[in-house]
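Visitor: Please put the model on screen. I would like to go through its salt bridges, helices and sheet.

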Amino acid sequence: MLSPDDIEIVIPSRKRVESCQRTVALFPPGKVSVCVAEDEAEDYRDVGAPIVTHPPTRGLGQLRQWILDNYRSRCIVQCNDDVEGLLAMPGKRPRLITEPDAIFRIIWNSAHICDELGISVFCYNPVGSDVRKFWNNDPFRFNRIEGCFFGMIGRKVRLDPDVWQHDDVDLTLECMLKDRIVWQDSRFAPKHNFMTKSGGNSVSRGKERMASELAYMKRKWGKFLTVLQ
């Protein structure tokens, strides 16, 4: 049976020291570490959590899999370095949760459910603060991973190192293939900004790179992946 001691939170970060400090503060001390490139370790020395350095990587798929290969805890939660809290979606307006023990209880509840179901991945709502896209009578989803904040139990599934940007889409399909479902608690949504903020994985974005990656994923998954133009 999975216990809270089996859960470790990892924040991959690149050139976002200040926002990473805010993200670190969302989790209980001793449960979180920051994973950065070797040449950025000195910049992050005062981030507020232990630093683990990784060798040069290209894109999110390769980095996230390196974390899974090199951290030993049974349940690894990966949280992007621009997450500002979890939004509680039920009600007339979302409520921002930033208290570390509350956030860890949400994680532990998701991990426990995932473990009891015998599946690999849990995550949260991708809609941010848009309450129009949350339905109180449909609080759980089973077929989409939100990549900015997700947990993996065990190592049954792997991330594709050739997928730099759409790692959550590719991982969703891997889970569908091997586990048949993922666990998304859509009552909670990470608050973050991934499209306009510098640092992070912005170095991997671009029109040509995106077109090339989507073509690769289409070849890989065939009829099971539809790319809307």
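Guide: First, a definition: the expected span of a helix is 1.5 Å times one less than its number of residues. Helices (H or I, at least four residues) and strands (E, at least two) are DSSP runs, numbered from the N terminus. This is a predicted model, where local features need pLDDT of at least 70, side-chain atom pairs count only at pLDDT 80 or more, and totals for chains, interfaces and linings use all residues. Residues are numbered from 1 along each chain as its sequence is written, and side-chain values use heavy atoms, with hydrogens and water left out.

Visitor: How far does helix α5 reach from its first C-alpha to its last?
Guide: Helix α5 covers residues 207-221, which is 15 residues. At 1.5 Å a residue, the expected span is 21 Å. The model comes close to that, with a reach of 21 Å.

Visitor: Which residues of α5 are buried?
Guide: Buried means under 20% relative accessible area, exposed over 50%, and partly exposed in between (1.4 Å probe, protein chains only). An α-helix has 3.6 residues a turn, so residues three or four places apart point the same way. The buried residues of α5 are Glu 213, Met 217 and Trp 221.

Visitor: Why do the buried residues of α5 line one face of the helix?
Guide: The arc is taken from the directions from the helix axis to the C-beta atoms. The face turned away from the buried side carries the exposed Lys 207, Glu 208 and Arg 219. The buried residues line one face because, down the axis of α5, they fall within an arc of 55°.

Visitor: What do the buried residues of α5 pack against?
Guide: Contact means heavy atoms within 4.5 Å. Trp 221 lies in helix α5. Leaving aside neighbours within four places in sequence, Trp 221 touches Asp 170, Leu 173, Glu 174 and Leu 177. For the buried residues of α5, the packing partner is α4.

Visitor: With which side chain does the side chain of Trp 221 make a polar contact?
Guide: A polar contact is a pair of N or O atoms within 3.5 Å; within protein, one must be able to donate a hydrogen and the other to accept it, and residues adjacent in sequence count only if both atoms are side-chain atoms. Trp 221 counts as buried, at 11% relative accessibility. Its side chain makes the contact at 2.8 Å, and the partner is Asp 170.

Visitor: How many salt bridges does the structure hold?
Guide: Side chains of opposite charge can pair when their charged atoms come close. A salt bridge here is a side-chain nitrogen of Lys or Arg within 4 Å of a carboxyl oxygen of Asp or Glu. One network links Asp 160, Asp 170, Glu 174, Lys 178 and Lys 220. The total is 16.

Visitor: Which residue forms a salt bridge with Arg 74?
Guide: The closest N and O atoms are 2.7 Å apart, and the partner is Asp 115. Arg 74 lies in the loop between α2 and β4 (75-79) and Asp 115 in helix α3 (residues 100-117), so the pair ties together parts 41 residues apart in sequence. Arg 74 is partly exposed at 37%.

Visitor: What phi does Lys 15 have?
Guide: Most residues other than glycine have a negative phi, and most peptide bonds are trans. Lys 15 lies in the loop between β1 and α1, and is exposed at 54% relative accessible area. Although not a glycine, Lys 15 has a positive phi of about 55°.
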